[in-house]
Amino acid sequence: MRTSGVLMPISSLPSPYGIGTMGKAARKFVDFLEKAGQKYWQILPICQTSYGDSPYQSFSSYAGNPYFIDLEYLCKDKLLTKAECESFDWGGSIKYVDYGTMYVSRYALLKKAYARFVKKVPADYAEFCEKEAAWLNEYALFMALKDANDGKSWLQWDADLKLRKAKAMEKARKEYEQEIDFWCMLQYLFFKQWRELKAYANSKNIQIIGDVPIYVALDSADVWANPKQFYLDKDLNPIEVAGCPPDAFSDDGQLWGNPLYRWDVMKKDGFTWWTNRIKAQSELYDIVRIDHFRGFDSYYAIPAEDDNAKNGVWKKGPGMALFNALEEKLGKLPIIAEDLGFLTPSVIKLLKDSGFPGMKVIQFAFDPREDSDYLPHNYPTNCVVYTGTHDNDTVLGWIKTAPKEAVKFAKEYCSLTKEEGYNWGMMRMAWASVADMAIVPMQDIIGLGSEARINIPSTLGDNWKWRATEDQINPKLAKRVRKYVQMTGRLNVAPKEETTEITSKKTAN
């Protein structure tokens with residue numbers, strides 16, 4: 001079945017309070033997708049962000065981002081007032097997130113909500129805390145201790161807390177009981193709103209594709225609570241960290257800094273840590289996209305003391321042993337594998353053995369010196385095609401900044417014209433390809449340039465900020481997208497609508 005969808009981060013939705021949320025604008029976006037004949041809404045990770053504001057560096061791989069809790073819904077629940085929401089500074093732009101201001105304002109406001117929450121605790125709050133206890137208790141304590149230590153990494157905490165000595169942990173749980181409850185409340189509110197939003201999307205025949213980073217942040221509850229699962233020394237400092245080797249784009253390579261997994265330890269216990277993580281994510285989303293899939297075949301290990309990625313070495317990953325274990329415990333899961341970059345024969349074999357669809361990015365296709373796997377005539381059907389991802393420039397930005405030879409090739413290959421719009425021509429090529437699924441970023445649908453780029457890899461300070469304005473997501477745009485996906489056999493017809501069409505045909509006969 002040929003399908004299509006749109007990549008749009010929750011943070012990028014319009015809202016009156018500085019960042020996109022799971023409120024009215026999210027439902028309006030679902031309505032837009034339905035009108036546009038789309039099947040999927042792909043989002044970026046929804047975990048709580050840490051230093052650098054990247055959704056791929058989180059304090060927990062389970063916890064939702066408190067910034068996405070909709071304040072208007074909290075007003076409806078009488079946890080806040082509109083006047084309180086409007087009294088805070090949310091930054092000076094409706095087009096970009098100001099994370100520094102957001103950090104100061106959002107948590108101060110949410111603490112006002114907590115003061116009311118504890119006076120009338122919802123009946124299902126205790127049930128939520130009990131159900132999610134396996135990760136929630138450690139996360140909430142981690143965040144409470146982080147606040148008590150002025151935001152410092154857990155590696156800089158008092159030794160007894162860093163090493164999780166029983167007496168110190170018991171004392172901390174009593175001393176910071178109220179702070180722990182605050183972080184638990186935020187997760188209760190987040191998941192309540194998330195599940196309502198997902199149910200709304202599913203009721204409109206829209207499925208959500210969620211993103212799971214392969215690695216977790218060093219400064220996270222994941223590593224602090226499970227140090228034996230990671231490649232750490234006796235003092236719990238990382239021995240080697242993750243990244244990518246030097247290439248044509250970077251002489252120093254990419255030093256991500258994430259701790260590496262002890263795959264031998266994980267294999268011995270049947271990959272329990274990964275099973276729990278993927279189970280949780282597959283309950284959150286309809287389809288899971290696993291980032292940096294090639295790392296499961298072989299991964300790049302860089303000495304932790306290095307300040308660049310030049311001296312890393314390739315090491316063997318878990319391969320099919322992990323995915324066989326996941327399937328045995330969780331059943332066959334709908335997974336998309338992010339297999340971008342240089343692929344060795346063993347990575348290609350792993351993808352084939354897994355059966356997961358890989359990814360194709362059209363922007364990568366146009367090197368006139370070679371016949372690229374990213375050119376649509378080389379696609380298998382079992383893949384997901386994108387015009388670009390969150391790490392790419394927009395199509396219009398790419399047209400302006402890419403090498404002239406590549407742009408010339410793209411214009412000829414895709415029959416790009418100013419009249420149609422270069423962005424629409426590139427999306428047409430994605431929709432018309434043989435790929436089973438086609439996903440296009442919302443910025444390309446709106447027709448924005450480099451000012452709307454989400455992320456420039458290996459840079460800090462100016463990423464993850466772009467937001468759409470309310471007028472940019474409109475019925476006229478939905479109608480045009482619908483026309484293209486109908487023309488290319490990707491129209492998502494709701495079951496009720498499909499029944500009506502069949503009935504009409506029978507009547508006509």
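This is a predicted model: local features need pLDDT of at least 70, side-chain atom pairs count only at pLDDT 80 or more; totals for chains, interfaces and linings use all residues.

User: Okay, is C414 buried or exposed?

Analyst: C414 is buried, at a relative accessible area of 1%.

User: How many disulfides are there?

Analyst: The count is zero, taking a disulfide as a pair of cysteine sulfur atoms within 2.5 Å. For C47, the nearest cysteine sulfur belongs to C184 and is 16 Å away. For C414, the nearest one is that of C383, 15 Å away.

User: And C47, buried or exposed?

Analyst: C47 counts as buried, with 10% relative accessibility.

User: Back to C414. Which residues of helix α16 are buried?

Analyst: In α16 (residues 404–414), those are A406, V407, A410 and C414. They sit on the same side of α16, because they cover an arc of only 100° around the axis. That arc is taken from the directions from the helix axis to the C-beta atoms. The face turned away from the buried side has the exposed residues K404, E405, K408 and E412. By the way, helices (H or I, at least four residues) and strands (E, at least two) are DSSP runs, numbered from the N terminus.

User: Which residues touch the most other members in the largest nonpolar core?

Analyst: W41, W194 and W274 do, in a core of 168 residues. Helix α9 (residues 177–203) gives the most to this core, with 13 residues. A nonpolar core here is a set of buried Ala, Val, Leu, Ile, Met, Phe, Trp, Tyr and Cys residues joined through side-chain atoms within 4.5 Å.

User: Why would they group like that?

Analyst: In soluble globular proteins, nonpolar side chains tend to be buried together.

User: New topic: how many cavities of 30 Å³ or more are there?

Analyst: Four. On a 1 Å grid over the protein atoms alone, a cavity is a set of points where a 1.4 Å probe fits but cannot get out; a pocket is an open set with protein on both sides within 12 Å along at least five of seven lines, and lining residues have an atom within 4 Å of a point. The largest cavity has a volume of about 160 Å³, where volume is the space filled by probe spheres set on the points, with grid points joined across faces, edges and corners. It has 19 lining residues, and P9, S11, P55, F68 and Y99 are the closest to its centre.

User: What about the second largest pocket, what's its volume?

Analyst: About 630 Å³. Of its 26 lining residues, Y62, A134, W135, N276 and A280 are the closest to its centre. Helix α12 (272–284) gives the most to that lining, with eight residues.

User: Last one: where is K78?

Analyst: K78 is in the loop between α2 (71–76) and α3 (82–86). Its phi is near 65°, a positive value in a residue other than glycine. K78 is exposed, with a relative accessible area of 66%. L236 also has a positive phi, near 70°, but L236 counts as buried at 12% relative accessibility.

How values were computed
Residues are numbered from 1 along each chain as its sequence is written. Side-chain values use heavy atoms; hydrogens and water are left out. Buried means under 20% relative accessible area, exposed over 50%, partly exposed in between (1.4 Å probe, protein chains only).
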